Amino acid sequence: MKIQQTAGRDQLGGFAPKFAQLNDDVLFGEVWSGGGLSLKMRSILTVTVLVSKGMVDSSFRFHLQNARKNGVAKAEMAEILTHVAFYAGWPNAWAAFRAAVEVYGDDPGTNGGMFGLGRPNEAFARYFTGNSYLNPLTNPEETVFLANVTFEPGCRNNWHIHHAAKGGGQILLCTDGRGWYQEWGKDARELHPGDVVYIPAGVKHWHGAAGDSWFSHIALEAPGEECANEWLEPVDGEQYGKLR
C-alpha cells in the first residue's frame with residue numbers, strides 16, 4: 001500500500017521544495033511503502049531509532065501515533081520502550097514513555113469490553129495474525145458455547161470454514177471497538193458495537209480488528225450435527241492493509 005504524505009509540502013513546500021519532495025515522495029512514498037517490511041515493523045524500527053538518538057519531539061509523537069495506527073498495541077509499546085531503555089539510556093526512555101502515555105492514554109478496548117479480556121488465546125494462536133484473547137462465558141458441556149474474543153489492533157484470524165452436516169455455523173455479537181468481517185469473494189464489512197454477523201456453515205470467511213482499534217465480539221457456536229472448523233490460509237497482509 002502506497003502511503004500518501006503531504007506534511008513536507010504543507011510545512012516546507014515554499015521554503016525547501018526539494019526536501020519536501022524527498023520527505024513526501026521518497027521517504028514515505030517509496031521507503032515506507034516498500035513491501036519488504038510490514039508497516040508495523042517499520043513503525044517499531046522508527047520509534048526505536050528515534051529513542052536511541054534522544055529525538056523525543058513532536059515528530060516522535062507523530063511516529064507513536066503512526067505506530068498505534070499500524071497495529072503496535074499499548075502493551076507492545078511498553079515492552080519496546082523498556083527493552084530500548086537498556087541500550088538507549090534511561091533518560092531517553094523516560095522521555096519516550098511520557099509521550100507514549102499521552103498517545104496511548106485513551107486506548108479503548110484493552111480490557112476486553114463489558115465481558116472482560118480473559119486469557120491469551122494460545123491454543124489457537126497459530127491461526128491468528130497478532131494477539132487475541134479468549135474469555136469463555138458458558139460451559140459447552142451444559143449449553144451452547146459463548147466466548148468473548150478480543151483482538152488487538154491489526155489482529156485477525158485466518159480464513160476458515162465452519163462445517164456441519166446439518167445446522168451449525170457461527171454468530172458474532174460485536175461489543176467493543178471496530179473490526180472487520182469478510183466472506184470469500186465479497187467486500188469486507190466494517191463492524192461496530194451492536195452489529196450482529198450470522199455466518200452459515202460452509203462459508204469461507206475471516207474476522208478481526210481494524211488496524212487502529214481493539215475489537216471484541218461474542219462468538220456463539222450455532223447448534224448442528226457433525227460440526228468442525230477448517231482453518232485455512234492467513235489473510236493477505238496487503239489486502240488487509242487497504243481496509244481503513
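Before anything else, a note to myself: a helix here is a DSSP run of H or I, at least four residues long, and helices are numbered from the N terminus. I also keep in mind that this is a predicted model.

**Entry 1: Ser 52**

I looked up Ser 52 and found it in helix 3, which covers residues 39-52. Next I checked what Ser 52 touches, leaving out residues up to four places away in sequence, and got Ala 88 and Asn 92. I also noted Val 84, which is 32 residues from Ser 52 in sequence but 7.4 Å from it in space, C-alpha to C-alpha.

**Entry 2: helices 5 and 6**

Then I turned to helix 5 (residues 74-88) and helix 6 (residues 90-104). Their axes come within 8 Å and cross at roughly 165°. Angles over 145 degrees count as roughly antiparallel, so that is how I describe helix 5 and helix 6. Their crossing is right-handed. On the helix 5 side, the contact residues include Met 77, Leu 81 and Phe 86; on the helix 6 side, Trp 90, Phe 97 and Tyr 104 are among them. I sorted the residues of this contact by kind and got 12 nonpolar, 2 polar and 1 charged. Ala 88 and Asn 92, the two that Ser 52 touches, are also part of the contact between helix 5 and helix 6.

I traced an open sheet of 6 strands, in the order 1-3-4-13-8-11, with antiparallel pairing. Which strands are at the edges? They are strand 1 (119-120) and strand 11 (196-199), each pairing on one side only. Inside the order, strand 3 (residues 132-136) and strand 4 (residues 146-151) pair over 5 bridges in the antiparallel sense. One bridge I followed goes from Ser 132 to Phe 151 in strand 4.

At the other end, strand 8 (residues 170-177) pairs with strand 11 in the antiparallel sense over 4 bridges. Here Leu 172 has Val 197 in strand 11 as its bridge partner. I checked both faces of strand 11: Val 197 and Ile 199 are on the covered face, Val 196 and Tyr 198 on the uncovered one.

**Entry 3: Glu 226**

Most residues other than glycine have a negative phi. Glu 226 is not a glycine, yet its phi is positive, about 55°. Where does Glu 226 lie? I found it in the loop between strand 14 (224-225) and strand 15 (228-231). Glu 226 is exposed, with a relative accessible area of 69%.

Notes:
Residues are numbered from 1 along each chain as its sequence is written. This is a predicted model: local features need pLDDT of at least 70, side-chain atom pairs count only at pLDDT 80 or more; totals for chains, interfaces and linings use all residues. Side-chain values use heavy atoms; hydrogens and water are left out. Two strands pair if DSSP finds at least two bridges between them. Helices (H or I, at least four residues) and strands (E, at least two) are DSSP runs, numbered from the N terminus. Axes are lines fitted to C-alpha atoms, for helices over the stretch in contact, and angles run from 0 to 180 degrees between N-to-C directions. Angles under 35 degrees count as roughly parallel, over 145 as roughly antiparallel, 65 to 115 as roughly perpendicular and the rest as oblique. A crossing is left-handed if the near helix is turned anticlockwise from the far one by less than a right angle, and right-handed if clockwise. Contact means heavy atoms within 4.5 Å. Ala, Val, Leu, Ile, Met, Phe, Trp, Tyr, Cys and Pro count as nonpolar, Asp, Glu, Lys and Arg as charged, and the others, Gly among them, as polar. Buried means under 20% relative accessible area, exposed over 50%, partly exposed in between (1.4 Å probe, protein chains only).
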